[in-house]
Amino acid sequence: MLAAPAMAQNTTDAATTTAATAIAPQRDAFFWLGEINKASLVINTRQGLLDAKLAPHIASGLDTVLRAGDQPGGARPDLVITFEPLLIKAAGVEATLLHAGRSSQDMLATVRAAMYRDRLLVLAAQLRTTTATLRRLAQQYETTIVPNYTNGVAAQPNSYGHYLLGHVAGLQRDSQRLHELYARVDLSPMGTTVLNGTSWPLDRDKMAHSLGFADKVDNAYDASQIAATDLPVEIGALATSIALHTSAFVQDVMVQYAQPRPWILLREGGGNTYVSSAMPQKRNPGLLNDTRTAASMVVTLGVGRAIAAHNIPPGMNDAKHIDENMAVLDRTTALLKRWDRVLNALVIDPKRALEELDSDWTASQEIADVLMREHGLPFRVGHHFASEIVDYAKANDLRPSNFPYAEAQRIFKQTLTEMQVNGGELPMSEAQFRATLDPTAIVMHRATSGGPQPAEMKRMLARTDRELDADGKWIDTHRQTIDRSLASLDSDFQRYLPAK
């Protein structure tokens, strides 16, 4: 029994590892340093900034370094100052002619941007997957009526499908934030050197497009001194938003485990739950606990990006550490995978949900609404009437389904007297009074745009489908843009290699 929590922790590590290795081929810092060197050789040679007679020898040395790094156990340095010695060893000091107008500042800023870009696409794909699962369940539970809560208290009836589409809306905003962030990351710092450019007439546009970037960073000082610090903060903000959406959902399910008869639980087995080591009746929601813990870690890392960037002069390395910033993206992807697993493990008891609705008077606001809408009674009068009914019902252990209509008539007259409002008998017949308290009817007859009624659910589900389709095309387009650019660069580079 004691091994169960450890098993859950191992699952967390495995999920993080899977997210971290989801990109193929391995586009690490070594890979991107290689691509930058390829692009420098090709572009500078064509511009006449590198002697075309030297290009084949330097290209051969670079190819040797890259092939060696791709071998099992091969050296894959992630810094310019550790990559360059390998290149010099393979091609001689002439290889440093590639360094015209370059610095480790703009090179590493480009490496980081390229790696963030890759990981953002992995995150976008998982975000789309989890959103699609929410959408699928929203349609499945479109007519399943459950309590919704405000301030931790049962408030109104709703369809579980409508509730899930509310969470979809939150993740769709996260998707929009990701797209906006991606556009700012998808700018090449190459050619800005340290902070004010170089006297070398570098073709920054060609460099950007060769590496798959949409454009170049406009201001040379911004490239390595400002953007390199604030982009990780924006990554942290995106991750924090996703984690907050995840944890809010998890906690909403979690509170049900404190109930003796919950209406929503996790399917037992498969690592979703585990039995207490001491109390045999308990089924602890290990998956929920692990997902909440993962969300808390993402928030910690996400907010940490702002702390690392706070109170430092421009250009300092505090916020630039690639491993830490990539960990934010990888853990967020892993978190979304966990949330997806939670969604697929949910078991809902519609009958039990209706019992809770009947026991907690969550339909009482509808009494005030009907009295105002159909009988012209001021809302506050109807609200006071409904509140008095609830007080009487709770004092006498009554539910909406068995509340005496005669008592409703008495309380209505009493309410009119207390509020000094003219009127007579309760204008609602007994049948109307009962129908007004029917949670299913309340949900189905909502008239508000964006409500849970069938027509609006159909509209919102269709809109979600369109947005998911657009997200899929967006991800594919950006992946293809990078892949095509790199394939073209490699083809150009191959032409400079000596014939074998």
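These notebook entries record what I looked up in one predicted protein model.

**Entry 1: overall form**

I began with the secondary structure and found 17 helices and eight strands in the chain. I then looked up the radius of gyration, which is 31 Å; the globule rule gives 23 Å for 500 residues, so the chain is more spread out than a compact globule. Along its principal axes, the C-alpha trace spans about 100 × 55 × 40 Å.

**Entry 2: burial, contacts and surface**

I noted that 50% of the 500 residues count as buried. I next considered contacts with a separation of 6 or more, and found that 77% of them join residues 24 or more positions apart. The chain exposes about 23,000 Å², and carbon and sulfur atoms supply 54% of that area.

For charge, I recorded 50 positive and 55 negative side chains. The centres of these two sets lie 4 Å apart.

**Entry 3: nonpolar cores**

I asked which residues of the largest nonpolar core touch the most other members. They are Leu-41, Tyr-160, Leu-164, Phe-249 and Leu-346, in a core of 98 residues. Helix H5, residues 104-140, gives the largest share of this core, with 15 residues. A second, separate core has 24 residues, among them Val-370, Ala-386, Ala-393 and Leu-398.

I then looked at Tyr-160 by itself, leaving out residues up to four places away in sequence. Tyr-160 touches Tyr-141, Thr-144, Val-146, Phe-249, Trp-263, Ile-264, Leu-346 and Ile-348.

**Entry 4: Thr-464**

I located Thr-464 in helix H17, which covers residues 454-494. Is Thr-464 buried or exposed? Its relative accessible area is 4%, and the cut-off for buried is under 20%, so Thr-464 is buried. Apart from neighbours within four places in sequence, Thr-464 is in contact with Arg-135, Leu-165, Val-168 and Gln-172.

**Entry 5: Asp-222**

I found Asp-222 in helix H8, residues 220-254. The relative accessible area of Asp-222 is 25%; this value falls between the cut-offs of 20% and 50%, so the residue is partly exposed. With neighbours within four places in sequence set aside, the contacts of Asp-222 are Val-217, Ala-227 and Ala-228.

Finally, I looked up how Asp-222 lies relative to Asp-28, which is 194 residues apart from it along the chain. The C-alpha atoms of Asp-222 and Asp-28 are separated by 24 Å.

Methods
Residues numbered from 1 in each chain as written. Predicted model: local features only at pLDDT ≥ 70, side-chain atom pairs only at ≥ 80, totals over all residues. Heavy atoms only, no water. Helix = DSSP H or I, 4+ residues; strand = E, 2+ residues; numbered from the N terminus. Rg over C-alpha atoms; globule rule 2.2 N^0.38 Å. Buried < 20%, exposed > 50% of the residue type's maximum accessible area, 1.4 Å probe, protein only. Contact = heavy atoms within 4.5 Å. Areas by Shrake-Rupley, 256 points an atom, 1.4 Å probe, with all protein chains shown as cover. Lys, Arg positive; Asp, Glu negative; His and termini not counted. Charge placed at Lys NZ, Arg CZ, Asp CG, Glu CD. Core = buried A, V, L, I, M, F, W, Y, C linked by side-chain atoms within 4.5 Å.
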